[in-house]
Amino acid sequence: MILGIDIGGSTTKITGFYENKIISPILVRATDPISSLYGAFGKFVTVNNLQLTDISYVMITGVGSSYVKERIYQIPTGKVEEFYAIGMGGLFLSGLSSAIIVSMGTGTAFVKAEKNGIVKHLGGTGVGGGTLLGLSNRMLNIRHFDDLIGMARGGNLENVDLFIKDITNKEIVGLPPESTASNFGKISDLATKTDIALGIINLVFQVIGVMSVFAARTDGTKDIVLTGNLTNVPQSRDIFDGLTKIHPVKFHIPEHAEYATALGAAIVYASGGKFTEI
C-alpha cells in the first residue's frame, strides 16, 4: 500500500492507494503540521489494522510538507509538488482524461491536468474557505463551517444580492434575469442573518465558479473538476449549477473530492511521476 498525505494549513488528509483504488480516506485537524501528520498516520494505521511493514511508500504534499525533513517512521518517503498532486488526484477521481482541476481550500488553486501526466498551474485566488470564515466571523459572529452552513439554510438572496432583473426589464442574451449583477449590492435593512449567511456562501462560490469558467475558456476545456474541503458545502451545488445556465461548461464533484490532493500524491508514485525523495 502507498500512503498519500496532504498537509494543509488547518487540516491534514491521508488516504491509502492499493490496487488502483482509494483506501480509507481520513481527515484530522491540528494547528501544527507535524502533529497533524503523525496524528493522521497513526489513525490510518490503527483504523485499518496495519503494520508499518504493510506500507511500501509514503508520499506527502501540501503547504505543511515543507516542515518534513526525514522519513516517516523510516518508511521510504517522497515529497510531491502540490499542484501536480491536485491535477493527478482530480483526474483519477473524475475519470476524465483532461480537465481544469479546482482545489478549494483556504484559498483556491486552478490547475490544468492531462492523463499523460502534464499538469500546469494556471493561477489562483485568495477567495476560499478562509474568506467564508472571515466574513462570517465579522458579519455574523459565526466561526465554524457547520454553523454557517446551517444558518444559511432557508436564506433569501433577494434581500442581499442585486440581480439583472432588478436593473433592467429587457432581455439580455446569455444572462437570465436571476443572474447576479452585484453580490451584496442590494442588501436590505430587513435582511436576516440567514439571508446574509447565504449571501456570503453565494459570493465565495460564485467567484470561484466564474474564475473556473474563465480558466476553462482560456484553455478551451469544458470539464471542471471541483476538489477540496469546500465541496462539502451543500449550497455550492446549486450555485455551480446556476453558472452552467450561463456558461457552456460542466462542473464535476467526484466522490472523495476533498481527498484529491492526498490521493494525487500517492498516484504520482504509483504512476512513476516526478517527486523528491526525503
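**A helix crossing and its surroundings**

Tutor: Helix H3 passes helix H4 in a left-handed crossing. Left-handed means that the near helix is turned anticlockwise from the far one by less than a right angle; clockwise would be right-handed. This is a predicted model, where local features need pLDDT of at least 70, side-chain atom pairs count only at pLDDT 80 or more, and totals for chains, interfaces and linings use all residues. Residues are numbered from 1 along each chain as its sequence is written, and side-chain values use heavy atoms, without hydrogens or water.

Find residues 129-140 for H3 and residues 145-152 for H4. Helices (H or I, at least four residues) and strands (E, at least two) are DSSP runs, numbered from the N terminus. The axes of H3 and H4 lie 10 Å apart, and the angle is about 70°. Therefore H3 is roughly perpendicular to H4; that term covers 65 to 115 degrees. Axes are lines fitted to C-alpha atoms, for helices over the stretch in contact, and angles run from 0 to 180 degrees between N-to-C directions.

Now the residues in contact (heavy atoms within 4.5 Å). H3 brings Gly-129, Leu-132, Leu-133, Ser-136 and Leu-140. H4 answers with Phe-145, Leu-148 and Met-151. By class, six residues in this contact are nonpolar, two are polar and none is charged. Gly counts as polar here, while Leu, Phe and Met count as nonpolar.

Next, the charged pairs. The whole structure holds seven salt bridges. Each is a side-chain nitrogen of Lys or Arg within 4 Å of a carboxyl oxygen of Asp or Glu.

Take Lys-112 and Asp-219, with N and O 2.7 Å apart. Lys-112 sits in strand E7 (residues 108-114) and Asp-219 in helix H6 (residues 193-219), so this pair ties together parts 107 residues apart in sequence. Lys-112 is buried, at 10% relative accessible area. Asp-219 is partly exposed, at 32%. Buried means under 20% relative accessible area, exposed over 50%, and partly exposed in between (1.4 Å probe, protein chains only).

Lys-13 and Asp-6 form another salt bridge, their closest N and O atoms 4.0 Å apart. Both Lys-13 and Asp-6 are buried.

Finally, Glu-158 pairs with Lys-165 at 2.9 Å, N to O. Glu-158 is partly exposed, with 31% relative accessibility, and Lys-165 is partly exposed too, with 41%. Shared partners link Glu-158, Lys-165, Asp-166 and Lys-186 into one network of salt bridges.

Technical notes
Angles under 35 degrees count as roughly parallel, over 145 as roughly antiparallel, 65 to 115 as roughly perpendicular and the rest as oblique.
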